[in-house]
Structure formats: C-alpha cells, structure tokens
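Hi,

Here is the model I promised to pass on.

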Amino acid sequence: MTIAFATKVKPGWENFPFGLLLLSVIYLLVFFTVQLEDDKYKNEAVKFYFQSELDKTEFPLYVKFVRKHIREDLYFRTLENITNGKITKLELYWMQRQDPFFQACLSSDKCLSPSTLAYLNWQEKRRAYLNLADKETFQQYGFKTATPSLLSAITNLFVQPNIFQLLINLLFLIAIGSIVESKTGIFRFFLSYCLCGISMVSIYCLLAPYSLIPLSGASGGVAGLLAMMLVFTKGKSIKFYIFNFRHITSFEASSVYVLILWLVSQFIILRFTSFDTVMLISQGFAFLTGLLLAILINKMLFINHETKTTTVQKTTDIQARLAEAISEISLLNYSSAKNILYQLLDEYPTNKEIHFQLFNIVKTNPGSEEYHDIVQKIFSIKDSSRSTVAMINLVFKNYLRRAQPTIRFDIEIFIGLLQRFRKAGYYDDAEKILKVLIKHNNEDQLSEVLAREQLLLARSYLMKNDKVQGDRLLVWLIETFPHTESAKQAKSFVNVKSTRTL
C-alpha cells in the first residue's frame, strides 16, 4: 500500500501541511465514528420496508399521486416508465422515497384517509420504518434542499455519502492539499475549502430546490482545491512523494494528470453510486469557484510581492546613496554630499538618518539659515524611539550652545521636546526647555500645560530617589503657577512629606 502527496518544497516540519492533516483527520473521525454503519441502517430500512409490505400500500398511492400530477413533465415520464415496467421495485422505492411532494402528501394524511383501519396499520409500520431510516447519519447531516438547516449547511462539508467517495476525496485531498496550503497558508486553505463546498450547495439549491437527496459539500471542497492547485502550478510538473510504510520515494508528473484522474473518478462515482448529474454540475461550479479564488489569491500575493520588492529596492537605493553622501563628507566634499542628501530628502522627507547627516554638514555654520532649518526639522521628527530621542538630544545641546545669533523658538516643537526628553530621562535638558517656555508664557496661556509638565518632571526625579531635585521642582511649581491644579497637587504632596518628617 502506498500513500502519495504532492508538494513544491522538501518535506520538513517547517513546511508540514498541518491544515491538510487536520482536514484529513476530520474526514476519518467523522466517517468512522458517526457514519460507519450507515450502509447497515440503510439496508435494514429497505429490508423492513418490503418485509412489512409497506410497498403494497405506498406504491399504488404513489402511482395515483403521479397520475394526479401527470401534467408535469417529470411525472409524465415517471408514469410512462412505471406502466412499461422499466422500473424495478427497488428503483420505485427510491423514487417515491426521494420525492418531497409525495412524502409531504403521506405526512399530511392527504394520500391515505385517517379514518380507515388500513391507515392505522400503515401508520404503525411507517413509524417503525422511519425510525430505522433516520438512523442513517448521512440523511441527517447531509444537506437536503427540501428540508434545509444551518446545521446541515455546515456538517455537509465533512460527511461522506459512502466509503468509496470518502476514499476518492481523501486521496485527492492528500495528493493536492500540500501544494495549495503552501501557497495559501492554513487559514486560507480551510476558508477556500469551505467556500468551494458552500458554492456547490448553493448551486444544488438552485438546480434541485425541493430534493430529499442529501448532498455532501466535501466533494465540492476537494474539487475547488484541485482547481486552485492547477492555477498555482500552471499545469507544470510537480513532485509527488510516495510513502509505502518503509521509505519515501518521489517522482514527477504534470498536474494535468491529476485533473484527468479526478474526472475519471467522478464519472465512476456517477455510474456506480447515488451521485447524480445535478450533483456533478454543482460540483463543477465548486471547481470554478476554486479557479476564481486561486486567481484572486495569486493576484494578492503578486501585489504583496511587488510591494515588498519595491520596498527592498527603495531601501537598497537609499542605503547606497547615503553611503555615497557619507563618503563625500569624509572627503570634505560637502557640496556634493548636500546635493545627494537634499535629493534624498525630497524623496524621503521623514527619513531621520538623512536629517542627521545634513546636520553633520550644516553644524559647521551655526549662523546660517540652513542650520536653523535642519535643526527645526529634526526637532519635528515624530519617532520616539530611544535611539532617535538620543540623537535629537545631541542636536538640541549643540543648538543651545552654538546657535547664532540665538535659537529659533517654536512653542509646539519645544513642548514636544520637553515631553520626549522627560520620558527618555534627559531631565536637565527637559528643565532647560521648561525654563524657556516659562519665559515665553505670555498672558499665562500655557500655565496649566507647563505646570503639569513640571509636576511630571518632579515625580520623575522622585521616582529616581532624587528628592532634592524633586522637592526643588515642586516648590518652584507652587511659586510659579500657584493657581493651577498641578500646584494644588504639589502642595498636598509637600504637606504630606512635611507631616511625615515631623
């Protein structure tokens, strides 16, 4: 015995198709724990039906029912076949058993008068027969358009009509599943399977809206995955690994051969099982759904690949040009370096490294407009990472020390610097900014904001166990902004400390 599966990658845990394994296990668990005795219950129900002579009561009623509805083409052909003896008793059994209109007639007592003794005898036998027939789990969990339910719409994706169809679905699932999952991932693999199975059920509802024949969407799910495999492989040769319970060998074959084998298997199922033409057409729609899903996924993956490629190309390009600019700086060719850096800045206006390299050039002329402009842009960088704040802090120190004739002051920028320096632990520089902001606090417009920042700075010192600096800032806060909410908090904090000291 051999088990074959196809893949585009070498076997390994990092590429193991866990989604395929899980779906295969679900197939086997459902069949061998729930469906294993379906054939036995089906045969017992048929045997009881004829032994209890229900056929002698229901077959004549069905012929009468067909005559009554002979205007419909379906019933005209049925009556013709019955009259000509072309239908066996077993075929007539399944015909009336799967006729939703006749079964509804029997259930509503319209076909047989309840007032007769024959009715009571028939009803008792029919009840016993239905109890046997209902034991067949595929009748319960397969999807029937005559009696649809949300539960059967889900469970039909995992139940099988018979063991032959289970083996066919399982073998093709194993053969193609790893390729599809390697392309889509486990979540899209399951989602694609379910969507293809649901599409088969949907078309079946349109083609046979009043059918009592249960449908298994599992066949549609496998058909859709097969279509996806063909799109992903583009009909090219793929490697199949064969495990014969001793060792693994491999061979290559065109993925088209898999399609041919699948088509042959479907016509065998059509010929020798209850799988009919309507189900085959519905399964074909699931196949088309798989084609569309694969094309959509391929397009999404292509867009993602193009985006990643473009990003890599841009990253490589900017790194190469930055390296060229740094090389020019090392050779003191500042003009050439600035040309490169300003061109990069136009393309990547938020790149912090470009700003810092420009600052290394313009800092030699702290009185120039260019120097002030680059510094302001660096102060406006939004990145709050520790490394970036550290670089901004170095620029800030240089700006305070060397700016000519003086620093350019922007309230919003400096408040942002104050907050970032405080959070990063540059308390001295945060306090310097705080002092500048207090000087520019015209008409007390910033009092609440600055008092809050001063309180937070004081708490930062205290958390570092620097009580001297913390207490100094709290007292300064009370003196500078006595009417603010932060000053009230500072007073209560100072009072508590005083009480503890006493």
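First, the ground rules. This is a predicted model, so to speak of local features I need pLDDT of at least 70, and side-chain atom pairs count only at pLDDT 80 or more, while totals for chains, interfaces and linings use all residues. Residues are numbered from 1 along each chain as its sequence is written, and side-chain values use heavy atoms, with hydrogens and water left out.

**Helix pairs**

Helices here are DSSP runs (H or I, at least four residues), numbered from the N terminus. Axes are lines fitted to C-alpha atoms over the stretch in contact, with angles from 0 to 180 degrees between N-to-C directions.

Take α12 (residues 218-233) and α13 (residues 255-272): their axes come within 9 Å and cross at roughly 160°. That makes α12 roughly antiparallel to α13 (the label is for angles over 145 degrees; under 35 is roughly parallel, 65 to 115 roughly perpendicular, and the rest oblique). The crossing is left-handed, i.e. the near helix is turned anticlockwise from the far one by less than a right angle. In contact (heavy atoms within 4.5 Å) are Ala223, Leu226, Met229, Leu230 and Thr233 of α12 with Ser255, Val256, Val258, Leu259 and Trp262 of α13. By class, that contact has 8 nonpolar, 2 polar and no charged residues. For the classes, Ala, Val, Leu, Ile, Met, Phe, Trp, Tyr, Cys and Pro count as nonpolar, Asp, Glu, Lys and Arg as charged, and the others, Gly among them, as polar.

Next, α1 (residues 18-35) packs on α11 at about 40°, with the axes 8 Å apart, and the two are therefore oblique to each other. Phe18, Gly19, Leu20, Leu22, Leu23 and Tyr27 of α1 touch Ile186, Phe189, Phe190 and Tyr193 of α11. The tally for this contact is 9 nonpolar, 1 polar and no charged residues.

Then there are α20 (residues 427-439) and α22 (residues 467-480), at about 10° with axes 14 Å apart, and therefore roughly parallel. Glu431, Leu434, Lys435 and Ile438 in α20 meet Arg472, Leu473, Trp476 and Thr480 in α22. This contact divides into 4 nonpolar, 1 polar and 3 charged residues.

**Pocket and cavity**

Both come from a 1 Å grid over the protein atoms alone: in a cavity a 1.4 Å probe fits but cannot get out, a pocket is an open set of points with protein on both sides within 12 Å along at least five of seven lines, and lining residues have an atom within 4 Å of a point. Grid points are joined across faces, edges and corners, and a volume is the space filled by probe spheres set on the points.

The largest pocket holds about 1100 Å³. Of its 37 lining residues, Trp94, Met95, Gln98, Ile213 and Asp276 lie nearest the centre. The lining divides into 19 nonpolar, 11 polar and 7 charged residues.

There is 1 cavity of 30 Å³ or more, and the largest cavity has about 70 Å³ of space. α2 gives the most to its lining, with 4 residues.

**Backbone**

Most residues other than glycine have a negative phi, and most peptide bonds are trans. Glutamine 404 and proline 405 are joined by a cis peptide bond, omega about -5°, and proline 405 is in the loop between α18 and α19. Glutamate 53, in the loop between α2 and α3, has a positive phi near 60°.

Cheers
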